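Colleague: I have a model open here and would like to talk it through with you. Could you take my questions one at a time?

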Amino acid sequence: MGYFERVLEHSGGAHLLGRKLAYVDLSLFQIVEGLRYAFPKAMTRLEKKIPRVVALHDRVANRPRIAAYLVSERRIGFNEQGIFRCYKELDT
């Protein structure tokens with residue numbers, strides 16, 4: 001996450017590649033979402049150190065069509081079958 005924080009710092013815009021949204025921004029959004037599910041305690045602490053990554057996540061989540069998708073029935077929620085499982089024993 002520190003790497004992405006530094007990229008955002010030097011990107012010259014609100015996104016990883018500058019001023020326009022790119023697939024890499026959507027991917028980072030999904031990674032943050034997944035890590036929040038898998039490691040909620042650790043992410044709460046980490047997010048204080050990566051404000052640009054969190055802000056990018058929030059910008060992506062607030063895009064009208066993405067926001068609509070996130071609350072729709074079409075979205076498949078995280079579960080215990082995928083890569084982003086809730087790892088309680090590792091979430092310190």
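Colleague: What covers the buried residues of α2?

Modeller: The model is a predicted one. In it, the cover over the buried residues of α2 includes α1, α3 (40-46), α4 and α5 (64-70).

Colleague: Which residues of α2 are buried?

Modeller: They are D25, L28, F29, V32, E33, G34 and A38.

Colleague: How many residues does α2 have, and how far does it reach?

Modeller: α2 has 16 residues. From its first C-alpha to its last it reaches 22 Å, close to the 22 Å expected at 1.5 Å a residue.

Colleague: Let us take α4 next. At what angle do the axes of α2 and α4 cross?

Modeller: They cross at roughly 105 degrees, and the axes come within 9 Å. That angle makes α2 roughly perpendicular to α4, because values from 65 to 115 degrees fall in that class.

Colleague: Which residues meet there?

Modeller: On the α2 side they are D25, L26, L28, F29, V32, E33 and R36. Their counterparts in α4 are V53, V54, L56, H57, D58, V60 and A61.

Colleague: How do the residues of that contact divide into nonpolar, polar and charged?

Modeller: The contact of α2 with α4 has 9 nonpolar residues, 1 polar and 4 charged.

Colleague: And α1 against α4: at what angle do they pack?

Modeller: α1 and α4 (residues 51-61) pack at an angle of about 80 degrees, and their axes are 8 Å apart. α1 is therefore roughly perpendicular to α4. The contact is made by F4, E5, L8 and E9 of α1 together with P51, R52, V53 and L56 of α4.

Colleague: What does A38 touch, leaving out residues up to four places away in sequence?

Modeller: A38 touches R85, C86 and Y87. The C-alpha atom of A38 is also separated by 7.8 Å from that of K88, 50 residues apart along the chain. By contrast, A38 and D25 are 13 residues apart along the chain, with their C-alpha atoms separated by 20 Å.

Colleague: Where is K88, and is it buried or exposed?

Modeller: K88 is found in the segment after α5. K88 is exposed, because its relative accessible area of 67% is over 50%.

Colleague: What about S72?

Modeller: S72 also lies in the segment after α5, and it is partly exposed with a relative accessible area of 24%. A polar atom of the S72 side chain lies 2.8 Å from the backbone oxygen of Y69.

Colleague: Now the loop between α1 and α2. Is S11 buried or exposed?

Modeller: S11 is in the loop between α1 (2-10) and α2 (23-38). S11 counts as buried, because 18% relative accessibility is under 20%.

Colleague: What lies 3.1 Å from a polar atom of the S11 side chain?

Modeller: That is the backbone oxygen of G13. S11 also touches L16 and G18, not counting residues up to four places away in sequence.

Colleague: And G12?

Modeller: G12 lies in that loop between α1 and α2 as well, but G12 is exposed, with a relative accessible area of 58%. Between G12 and Y23, 11 residues apart along the chain, the C-alpha atoms are separated by 17 Å.

Colleague: Finally, the chain as a whole. How many helices and strands does it have?

Modeller: The protein chain has 5 helices and 0 strands. Its C-alpha trace spans about 40 × 30 × 15 Å along the principal axes.

Colleague: What share of the residues counts as buried?

Modeller: The share is 26% of the 92 residues. As for contacts between residues at least 6 apart in sequence, 66% join residues at least 24 apart.

Definitions and conventions: Residues are numbered from 1 along each chain as its sequence is written. This is a predicted model: local features need pLDDT of at least 70, side-chain atom pairs count only at pLDDT 80 or more; totals for chains, interfaces and linings use all residues. Side-chain values use heavy atoms; hydrogens and water are left out. Helices (H or I, at least four residues) and strands (E, at least two) are DSSP runs, numbered from the N terminus. Buried means under 20% relative accessible area, exposed over 50%, partly exposed in between (1.4 Å probe, protein chains only). A polar contact is a pair of N or O atoms within 3.5 Å; within protein, one must be able to donate a hydrogen and the other to accept it, and residues adjacent in sequence count only if both atoms are side-chain atoms. Contact means heavy atoms within 4.5 Å. Axes are lines fitted to C-alpha atoms, for helices over the stretch in contact, and angles run from 0 to 180 degrees between N-to-C directions. Angles under 35 degrees count as roughly parallel, over 145 as roughly antiparallel, 65 to 115 as roughly perpendicular and the rest as oblique. The expected span of a helix is 1.5 Å times one less than its number of residues. Ala, Val, Leu, Ile, Met, Phe, Trp, Tyr, Cys and Pro count as nonpolar, Asp, Glu, Lys and Arg as charged, and the others, Gly among them, as polar.
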